[in-house]
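Dear colleague,

Please find below the structure that I am handing over to you. My notes on it follow directly after.

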Amino acid sequence: MAATTGAPGENLRINADRLRDSLMEMAKIGPGVAGGNNRQTLTDADSEGRRLFQKWCEDAGMTMGVDTMGNMFMTRPGTEPDLPAVYVGSHLDTQPTGGKYDGVLGVLGALEICRTLNDLGIKTRHPIVVTNWTNEEGTRFAPAMLASGVFAGQHEEAWAKAREDAKGLKFGDELKRIGWQGEEPVGARKDKIKAFFELHIEQGPILEAEGKDIGVVTHGQGLWWLQVTVTGKDSHTGSTPMPLRKNAGLGMARMTELVHEIAMGHQPNAVGAIGHCDVYPNSRNVIPGKVVFTVDFRSPDQTILDGMKARFEVEAPKIAQDLGLGIEIEVSGHFDPVTFDPGCVKAVRDAAERLGYSHRDIVSGAGHDACWINRVAPTSMVMCPCVDGLSHNEAEEISKDWAKAGADVLFHAVVETAEIVG
């Protein structure tokens, strides 16, 4: 049989009810306290979710591979099994107070592609591999996208497996404990990937606000994470004259304004904020003598991203000097901006057009496994709206129609790339 050269017909759509039912069934594993999920990576709940995913895939006639970082690869064979496979997926782990869709929609939406192909009796030349990447969230073992980063050669496996959680438990030990350390060398298959697609909720408000069904992800923001330590002198708030204070908290406040000003100077896509902070001694009647805080700068433009970091590194010490404070700035994380593959982006955009879904190009403000895989294979992402742009929150919600639209577009992009046989 010859491969069909055209795109899948407009009538080919996923089963929205089955996708919704699968999302709700997975959400029963690792329930949160407020309607969401707490299925953190390498926990017993993570293991249980993996087993359910494995069962569903095997019921759909797929075979499983697991690498030494616990990444799961569920393969639907192609008619020419030696051809490079089309990979599609995301992650099943969640934040401690996570939602039911972040990552999970991408994994189960990918499974739904294979179920729908089975329903319709459709074969593809290239195999399709549905993927669950380990520890995308990074909430238990930092950094985020850890296992896909090892897969793509961005992290050393030994370093990754030595990462510790808050209790001092090591990633490698926990992976073995839950029974999901595979034998396949991590990254062994990266040269046999034709393309990778990832469906994800937007995790922001743009699509819903503009009434768009689909976000065609063209870029991913790069980031600089800085850890800043400002030192002054802790002293009594009531008896220390204002001109004689060395207030580390005041230094942080002015640097917070600086971060905001820097990011606002590079609109529309640049962002910046101070997230985590620790104030010492953190007493109501003591002027802070030390503050440690993090700065998060992001932009899809490398020059802008580096420029924001450079300006902060010049102007923050001036603020400290004016207030008689000491300052240390350390880089705690970095990720270059991502430009997704034009061919994969076009496949997503064309699918949305073909299916009649409203869409816009969008830049991903969050990191995703696709950002690492883009370094070793042609990659793109599909986004659908989420209510109020809310994510990393148990109240995270999407409509069945939004999920269907995203999965339909994913289906068409993946199947066109995998080439229907007929």
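Ala413 is located in helix α12 of what is a predicted model. With a relative accessible area of 0%, Ala413 is buried, because the cut-off for that term is under 20%. Setting aside neighbours within four places in sequence, the contacts of Ala413 are Phe197, Ala347, Val348 and Ala351. Val363, by comparison, is 50 residues from Ala413 in sequence, and the two C-alpha atoms are 19 Å apart in space.

The core has 99 residues, and the members that touch the most other members are Met26, Phe53, Val88, Leu105, Leu108, Phe197 and Val409. Once residues within four places in sequence are left out, Val88 is in contact with Ala110, Ile113, Ile128, Val129, Val130, Thr131, Phe196, Phe197, Leu410 and Val414.

I turn next to helix α3, which packs with two other helices described here.

How do the axes of α2 and α3 lie, in angle and in distance? Helix α2 (residues 44–59) and helix α3 (residues 104–120) pack at about 15 degrees, and their axes are 10 Å apart. The two helices are therefore roughly parallel, as angles under 35 degrees are classed in that way. The crossing in which α2 passes α3 is left-handed. On the α2 side the contact is formed by Phe53, Trp56 and Cys57, and on the α3 side by Val107, Leu108, Leu111 and Arg115. By class, six of the residues in this contact are nonpolar, none is polar and one is charged.

The packing of helix α1 (residues 16–27) with α3 has its own geometry: the axes come within 10 Å and cross at roughly 140 degrees. This makes α1 oblique to α3, since an angle has to be over 145 degrees to count as roughly antiparallel. Here α1 passes α3 in a right-handed crossing. From α1, the residues involved are Arg18, Leu19, Ser22, Leu23 and Met26; they meet Val104, Leu105, Leu108, Gly109, Glu112, Arg115, Thr116 and Asp119 of α3. This contact divides into six nonpolar, three polar and four charged residues. Leu108 and Arg115 of α3 take part in the contact with α1 and also in the contact with α2.

One glycine of α3 may also be noted. Gly106 is found in this helix and is buried, with a relative accessible area of 1%. Without counting residues up to four places away in sequence, Gly106 touches Gly89, Ser90 and Leu199. Pro243, 137 residues from Gly106 along the chain, has its C-alpha atom 56 Å from that of Gly106.

- Pro281 sits in the loop between β10 (271–280) and β11 (286–287).
- Asn282 is in the loop between β10 and β11. Its phi is near 65 degrees, which is positive in a residue other than glycine. Asn282 is exposed, at 64% relative accessibility.
- Leu42, in the loop between α1 and α2, is not a glycine but has a positive phi of about 60 degrees. Is Leu42 buried or exposed? Its relative accessibility is 0%, so Leu42 counts as buried.

With kind regards

Terms used: Residues numbered from 1 in each chain as written. Predicted model: local features only at pLDDT ≥ 70, side-chain atom pairs only at ≥ 80, totals over all residues. Heavy atoms only, no water. Axes fitted to C-alpha atoms, helices over the stretch in contact; angles between N-to-C directions. Helix = DSSP H or I, 4+ residues; strand = E, 2+ residues; numbered from the N terminus. Parallel < 35°, antiparallel > 145°, perpendicular 65-115°, else oblique. Left-handed = near helix turned anticlockwise from the far one by under 90°. Contact = heavy atoms within 4.5 Å. Nonpolar A, V, L, I, M, F, W, Y, C, P; charged D, E, K, R; others polar. Core = buried A, V, L, I, M, F, W, Y, C linked by side-chain atoms within 4.5 Å. Buried < 20%, exposed > 50% of the residue type's maximum accessible area, 1.4 Å probe, protein only.
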